[in-house]
Amino acid sequence: METYVPRDEVFEGVRKEALDVGRLKGVTRNLIPFISTCITKCGAFKQLSDVQKIYKRRQIDEMKPENGSTSKSYLPMVVSTIQNALEEYFKFNLPRIISSNGCCIRDDELERQALAGINPLSIKRLETFPPVSDLNPSTCGVHKSALREEHIISHLDGMSVQQELNLRPIAIEPSLPQGKPSKQVLTPPLDATSHWLWQIAKAHVSSNDAGVHQLVHHWGMAEPDPTQPHGLRLVVEDYPYANDGLLIWFALENLVRTYVNYYYPDEMMVQSDSELQAWYSEAVHVGHADHANASWWPRLSAPSDLTSILTTLIWVASVQHSAVNFGQYPLGGYVPMRSPHMKKLLPKEGDPEYKDLLEDPEGYLLSCLPNLFETTKFLAVVNILSQHSPDEEYLGQRKDLSDWAGDPEIIHAFYEFSMDLKRIEKEIENRNKDPKRRNRCAAGIPPYELLMATSGPGVTCRGVPNSISGAFSPVPPPQPHSRHPCAFSVAAPAPSNPSIVPQGISDCGLWMAWSGFLRD
């Protein structure tokens with residue numbers, strides 16, 4: 001029995017050629033690390049320069065001999081050309097996330113990545129204090145937070161009474177699975193030792209987030225507000241993913257509404273379409289059988305219901321996927337700042353490893369990271385995942401409109417949608433030049449382009465393809481909340497979110513508290 005694959009998902013022709021080249025580079029870039037790890041029987045990073053050797057040089061100049069130069073002048077150019085060719089197949093491109101701080105991530109950069117990084121979906125409001133885990137206590141145990149007001153009060157700087165929201169990390173609380181009590185609360189450092197413990201704690205935050213990024217997403221940082229252009233107010237104003245995403249969401253919703261109202265002008269048309277109802281029933285009861293009885297499933301009885309469901313489906317399979325996928329290498333490809341896993345826990349005073357931390361704090365942090373071969377394997381995978389093929393078809397593009405030849409209203413609506421996306425790209429360009437938007441325009445900060453609809457081939461950190469192969473997972477609309485501090489939870493999905501917490505993630509919890517309170 002043949003399986004239907006959409007034309008823009010078929011791996012053939014130039015798409016297959018691009019994938020084959022990516023595979024080849026993945027193999028060659030892992031060859032030397034594999035041999036090195038086999039020889040040393042370890043492959044652990046000893047110093048930061050060991051990590052930096054994985055990547056290409058920062059600048060590779062194309063040297064051209066001047067007119068009248070002798071043949072000896074060609075030698076540097078030949079050497080450079082050979083070096084460039086070797087580095088292309090044996091070293092990785094420099095990610096955008098490369099830090100001038102070496103193996104440590106700055107507090108402000110950690111905050112910025114929560115809003116404009118590869119996973120801008122894990123930040124959520126703290127509705128109770130101390131924080132309460134959303135994980136299932138029957139499988140994960142009861143996690144009672146050790147975070148108290150005295151841990152953070154000195155870091156708030158009066159933010160609880162200020163109107164503007166200014167996020168910065170003020171407390172990190174890692175925890176272990178049930179039966180392994182290990183409550184620690186870390187706050188911004190006061191001395192050299194607490195400085196390095198804080199850096200290691202932030203590395204754990206980034207590592208947990210890197211895992212959850214692949215498996216669990218949550219966005220509950222908006223509330224209804226009829227005075228706003230789209231009826232929603234973001235509780236964090238400088239939130240690039242949400243700022244740009246809302247523009248695309250409502251352009252997409254307009255297109256879907258026009259399409260649905262054209263073919264389903266009234267409720268009876270929706271309710272009497274047996275194929276449509278069977279499709280939705282299968283999505284709920286078969287595709288999400290473990291959540292089939294949840295109360296948040298929308299009904300499918302009116303054109304407005306169908307518009308909402310289809311908009312969500314298209315959004316998840318195009319825009320949201322692009323926001324978390326095509327920045328994986330450029331925004332997550334520097335392992336010291338975003339490690340896929342951490343080998344060691346935070347050391348406590350009295351632990352055997354605490355002495356190692358005191359003697360060589362940077363070396364201890366590097367020893368927590370994956371070894372050389374594990375790192376290059378990870379980089380090879382996320383590099384391929386972050387690439388666009390040369391024949392990619394992006395949102396707002398359609399090579400063949402013949403299916404709609406008899407429906408000029410639909411063709412017009414699609415053209416309007418395409419023009420909307422072009423206008424949105426211009427708006428995003430302007431936002432990336434606005435110095436007031438410090439999460440996307442500041443010294444050393446890359447522009448936020450993940451929701452630019454179009455892109456060239458390769459790893460570009462932008463572009464929204466028409467679709468991906470994925471599951472239908474509608475997300476309930478955001479609900480209004482009262483005024484509370486913000487928190488960053490990388491191990492606990494919202495209770496109303498249909499995402500399932502995988503066992504590997506639910507074994508531990510980690511809280512990141514941010515200074516700043518939501519505005520009235």
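Is Arg-431 buried or exposed, and what is its relative accessible area? Arg-431 is buried, with a relative accessible area of 11%, where buried means under 20% relative accessible area, exposed over 50% and partly exposed in between, for a 1.4 Å probe and protein chains only. The views below come from a predicted model, in which local features need pLDDT of at least 70 and side-chain atom pairs count only at pLDDT 80 or more, while totals for chains, interfaces and linings use all residues. Residues are numbered from 1 along each chain as its sequence is written, and side-chain values use heavy atoms, with hydrogens and water left out.

**View A. Salt bridge of Glu-427 with Arg-431 in helix 16.** The side chains of these two residues meet at 3.1 Å, N to O, a salt bridge being a side-chain nitrogen of Lys or Arg within 4 Å of a carboxyl oxygen of Asp or Glu. Both residues lie in helix 16 (residues 408-431), 4 residues apart, or about one turn of the helix; helices are DSSP runs of H or I with at least four residues, numbered from the N terminus. Glu-427 is partly exposed, at 32% relative accessible area, and a network of salt bridges links Glu-427 and Arg-431 with Asp-244 and Arg-440.

**View B. Salt bridge of Arg-112 with Glu-109 in helix 4.** The closest N and O atoms of the pair are 3.0 Å apart, and the two residues, 3 residues apart in helix 4 (residues 107-116), are separated by about one helical turn. Arg-112 counts as buried at 6% relative accessibility, and Glu-109 counts as buried at 8%.

**View C. Packing of helix 10 and helix 11.** Helix 10 (residues 274-285) and helix 11 (residues 303-325) pack at an angle of about 50 degrees, with their axes 13 Å apart; axes are lines fitted to C-alpha atoms, for helices over the stretch in contact, and angles run from 0 to 180 degrees between N-to-C directions. Helix 10 is therefore oblique to helix 11, since angles under 35 degrees count as roughly parallel, over 145 as roughly antiparallel, 65 to 115 as roughly perpendicular and the rest as oblique. In the contact, defined by heavy atoms within 4.5 Å, Leu-276, Trp-279 and Tyr-280 of helix 10 meet Leu-306, Ile-309, Leu-310 and Leu-313 of helix 11.

**View D. Packing of helix 1 and helix 15.** Helix 1 (residues 14-40) and helix 15 (residues 372-385) pack with their axes 8 Å apart, at an angle of about 175 degrees, which makes helix 1 roughly antiparallel to helix 15.
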